[in-house]
Amino acid sequence: MMPFSANDPDGQSIPVFLLNAMPGKHLVLKPDAPIFTILAVSDDYLAALDLQRESLIGRGVFDSFFSDGHNDGIADQLRQSLWQVLQTRQVHAMADQRHQWLNAHTGVLEGRAWRPVNKPVLGPDGELAYIIHSVEDVTHEVQLVEVAQANEYLQTIINLLKEPLQVLQPIVENGEIVDFRFRFTNQAYAAYANTTPDQLQGKRVGEVFPGYFETVSFTNPVETYKTGQPLTFEIHYDKDGLDLYNLMSTFKLDDEVVIHFTDFTRLRQLQLQLEAKVDELNRSNENLKQFAYIASHDLQEPLRKIQSFSTLLENQLDGQLTETGSDYLQRINLAGARMSILIKDLLTYSRTPISPQDFRLISLADVLADVLTTLDWTISQQNAEIVVNTLPMVNGDSSQLEQLFQNLIANALKFNKPGHRPFVEIKSDLRPRNELPQSVKPTNLATLFHEVSVRDKGIGFDVQYVDRIFQVFQRLHGKNEYAGTGLGLAICQRVAEAHGGGITATSSPGEGATFWVYLPV
């Protein structure tokens with residue numbers, strides 16, 4: 001090896017061993033812009049690029065490294081930096097440079113990050129003698145920064161996820177997994193411990209949640225790590241002051257276990273509240289059934305006695321009662337009869353279920369036939385005209401639907417115009433869900449409904465009362481004008497809703513009324 005590689009303008013040499021003693025990789029450049037001839041090269045610089053000293057000495061730096069047109073941007077930066085050193089006689093640090101160098105041993109392009117600095121060397125006369133171009137290989141440092149930035153970016157992304165996530169490293173003692181260590185978590189998971197992902201990282205899970213050893217949140221990740229098989233399972237975690245309901249999924253990734261949570265705690269709490277309300281409603285319904293039993297048996301018996309003794313008293317005192325006394329007894333009988341009907345209607349209303357039971361496919365034509373048979377005497381007495389058009393098959397309960405249509409037809413006969421022959425027409429059509437009246441909100445999700453109409457030519461009513469007529473005990477006419485308890489239409493609505501449909505009505509005073517029953521196809 002030559003002991004010297006360059007001479008200064010005064011003929012003094014630059015010892016190569018001093019250049020090699022300087023940390024880093026170095027080129028000694030002559031300030032002969034724009035060529036910047038290479039006067040000396042350190043051994044580390046040659047080794048880093050797998051070059052020979054003879055191929056560089058005496059050549060311009062740009063001819064040596066940038067003649068192929070690659071890395072033109074870096075060439076421009078170097079040129080500007082060297083010119084700045086020429087003009088200012090001051091050290092100039094360049095921005096970090098990224099290079100792709102071909103590894104002579106592997107034949108693979110390798111990325112490198114260099115931090116270049118150009119330093120002036122002044123001669124005894126104060127003039128610029130050399131420029132030392134030094135580079136520090138900061139590839140590892142840059143990679144660490146990039147990894148940290150990538151981790152920070154990834155952490156930001158997963159923190160945006162509302163569902164908890166964690167990556168765990170197993171802790172093995174004597175060949176067995178005794179715990180896991182937090183490798184990675186997000187904020188949704190860290191919130192369980194009232195902390196942050198940074199504070200959890202590196203800690204043992206058992207330190208933060210000691211109760212997890214008693215649950216599948218420990219044993220199932222162990223199984224996944226050992227077998228490599230992913231698992232999905234529900235867990236109610238009621239340890240460590242928590243009360244959580246989660247759907248957990250475990251996956252093995254290299255030597256770690258990734259765990260994803262779907263937290264349905266709020267949903268489960270609402271479900272428990274709903275179940276409590278259902279239990280309360282069931283108890284209420286049971287009490288209603290008990291009331292219905294009492295109403296149908298215990299209350300009916302004394303009521304029958306009142307009616308019987310009133311009739312006996314009227315017969316025994318026939319001719320002895322004053323007109324007022326006879327009127328009192330008739331009122332007692334009428335009140336007893338009305339109360340008996342009211343009790344029976346209440347019993348019917350209470351026994352009508354609000355959700356489908358054992359529904360089956362039935363013919364509405366058969367239902368109407370049975371209803372007309374039941375009302376045969378009333379129809380014949382009033383000489384009513386009943387027109388029944390073609391009716392569909394529906395899914396439902398025959399007895400409930402008989403109650404519905406019997407009440408509607410009986411109402412049409414009851415609220416007939418005095419001196420006119422009653423007329424009732426029943427027919428059916430199909431109606432898409434989006435064309436149903438706004439007041440009808442079916443619970444069934446069907447997109448098509450049977451629209452069964454019951455039209456009469458009776459006294460009608462003001463349409464502003466259409467919602468009122470379906471309420472319990474609501475009447476638009478006095479009980480002395482038209483008999484009834486005010487429960488008939490409430491029962492109709494209850495039956496229609498129990499079948500997943502609904503009911504409404506249209507009318508105007510003196511023009512009759514039409515009741516529209518909607519049943520899902």
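User: At what angle do α15 and helix α16 pack?

Analyst: In this predicted model, local features need pLDDT of at least 70, side-chain atom pairs count only at pLDDT 80 or more, and totals for chains, interfaces and linings use all residues. Residues are numbered from 1 along each chain as its sequence is written, and side-chain values use heavy atoms, without hydrogens or water. Helices (H or I, at least four residues) and strands (E, at least two) are DSSP runs numbered from the N terminus; axes are lines fitted to C-alpha atoms, for helices over the stretch in contact, and angles run from 0 to 180 degrees between N-to-C directions. The axes of α15 and α16 lie 9 Å apart, and the packing angle is about 145°.

User: How many charged residues has the contact of α15 with α16?

Analyst: Contact means heavy atoms within 4.5 Å. Leu 401, Leu 404 and Leu 408 are among the residues that α15 contributes, while α16 supplies residues including Ile 491, Cys 492 and Val 495. By class, the contact comprises nine nonpolar and five polar residues, and the number of charged residues (Asp, Glu, Lys and Arg) is none.

User: Which buried residues does helix α13 have, and within what arc do they fall?

Analyst: Buried means under 20% relative accessible area, exposed over 50%, and partly exposed in between (1.4 Å probe, protein chains only). In α13, residues 364-374, the buried ones are Leu 364, Val 367, Leu 368 and Val 371. Seen down the helix axis, these residues line one face, because they fall within an arc of 95°.

User: Which exposed residues does the opposite face of α13 carry?

Analyst: The buried residues of α13 are covered by elements including β14 (360-363) and α15 (398-414). The face turned away from that buried side carries the exposed residues Asp 366 and Thr 373.

User: With which side chain does the side chain of Thr 195 make a polar contact?

Analyst: Thr 195 lies in the loop between α6 (187-190) and α7 (197-200). With a relative accessible area of 15%, Thr 195 is buried. At 2.3 Å, the partner of its side chain is the side chain of Gln 199.

User: Is Asp 254 buried or exposed?

Analyst: Asp 254 is found in the loop between β12 and β13 (256-263). Although Asp 254 is not a glycine, its phi is positive, at about 55°. Its relative accessible area is 67%, so Asp 254 is exposed.

User: What is the omega of the cis peptide bond that joins Ala 33 and Pro 34?

Analyst: Pro 34 is placed in the loop between β3 (25-29) and β4 (38-41). The peptide bond from Ala 33 to Pro 34 is cis, and its omega is about 5°.

Technical notes. Arc of directions from axis to C-beta. Polar contact = N/O pair within 3.5 Å; in protein donor to acceptor, adjacent residues only side chain to side chain.
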